[in-house]
Amino acid sequence: MLRRISTTRLLVSLLALVALVAAATAVTALAVDSGPTPPPRPLAQAIHDSLSHGAVDGLSADITFTNTLISSTSLGSSDGSGLGAASPLLTGGSGRLWIGDGKARLELQGTRGDTEIVVSGGKAMIDDVPTNSVYEFTLPSTGATGTAPPTAGNGAQTVPSVASIERGLTRLMGAVDIGGAVPTNIGGAPAYTVTITPKHPAGLLGAAEIGWDAVHGIPLDVAIYAAGTSTPVLALTAGSVSFGPVDPSVFSLTPAPGAHVVSIAAPRVQPSRSNAARQPLTASGFDAVSAALPFALDAPATLGGLDRGRVSMIDWNGRSAALALYGSGLASVAVVETTASPSSHGGASSGILGSLPRVAVNGASASELQTALGTVVEFSRGGVQYAVAGLVEPSRVEAVARGL
């Protein structure tokens, strides 16, 4: 869905998605060692107690966004100039955060201009002044079946029981290790903090940490760590957190005149051609996907020493594309194949990573983006555009790419 976006706009939009999800679901407060702490509680009991005080009308906070996910070297710059210095979404910045009535706004101030992110009504808008670009996202559907959350009969949502929370945690522990609720103080508020680590191989993803206000039940501390590191690669830090209604006008955002507007729809699984009974079929599996594509699917049984798993059809900016997964879990590598754009020639990538550093892939010139959490390689060959990505080290992604 991002194939037509320049490298600058791609990276800004990817990091904007990370920031807007964090802003819509949590706020990070400055942790301190002094101040009141809540009593020790088992994790399920701590969650239950924090949810029992009722919902708050909204919150606002000063924030600092820290980002060490992408180095200037990965962006083709060794002096911090150019793309790496363009946007606070790429380099970090400070600003303000508001959440209320199912909406969120994150404002980041950078040396070359501000970035504004607003989430409202299934839509998200990112206004990035440094690149004079506005991104309008249609967020993925939650897939709700129409069943409303349980209520107490007076319209108020009921709080899950401790036993119910324990059952949910037990299910999660099949995939991750969840630490206990550690009493602490975050930004002057009594809080609990928990650390979550993958139980199965997760490539370069190390752990996540989340802390929440013990009184309001609002997440207050979110951080993502790369494997083997003790400092987060992404963090949203806030101070001066206050709870209360937020003026609805805060969530209005009007793009500047002349801004370049990019509309991006949520990715979706693409149905294959209908059968004789005109019933839509979902293209899934190697044979079905191969038959639905306008080009020959290149998805051998193994690549880079990894076994092929699920193969499915996806929509890639309005084009039919194949998605094949190699390996398992979070350590798998994804391969996306779609028809190359007419401007692709000589193997040079004209896709989403076009101006990034190059690596050789079986005679093709591939663009490569290395981050602290994973790698993306993109190239074109024989009229087909390939994007290979995973939360793994560059050598693993390159090995899969060179097997195609």
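Guide: The model is predicted, so local features need pLDDT of at least 70, side-chain atom pairs count only at pLDDT 80 or more, and totals for chains, interfaces and linings use all residues. Residues are numbered from 1 along each chain as its sequence is written, and side-chain values use heavy atoms, with hydrogens and water left out.

Visitor: At what angle do the axes of helix 2 and helix 4 cross?

Guide: Two packed helices are described by the angle between their axes and the distance between the axes. Here the axes of helix 2 (residues 43-51) and helix 4 (residues 162-172) cross at roughly 125° and come within 9 Å. Helix 2 is therefore oblique to helix 4. Axes are lines fitted to C-alpha atoms, for helices over the stretch in contact, and angles run from 0 to 180 degrees between N-to-C directions. Angles under 35 degrees count as roughly parallel, over 145 as roughly antiparallel, 65 to 115 as roughly perpendicular and the rest as oblique. Helices (H or I, at least four residues) and strands (E, at least two) are DSSP runs, numbered from the N terminus.

Visitor: Which residues of helix 2 meet helix 4?

Guide: Leu43, Ala44, Gln45, Ile47 and His48 meet Val162, Ile165, Glu166 and Leu169 of helix 4, where contact means heavy atoms within 4.5 Å.

Visitor: In what order do the eight strands form the open sheet?

Guide: Strands of a sheet pair through backbone hydrogen bonds, either parallel or antiparallel. In this sheet the order is 17-18-19-20-24-23-22-21, with antiparallel pairing; two strands pair if DSSP finds at least two bridges between them. Strand 17 (302-303) and strand 21 (358-361) are the edge strands. Strand 19 (residues 319-326) is joined to strand 20 (residues 333-339) by six bridges, and Ala321 stands opposite Thr338 in strand 20.
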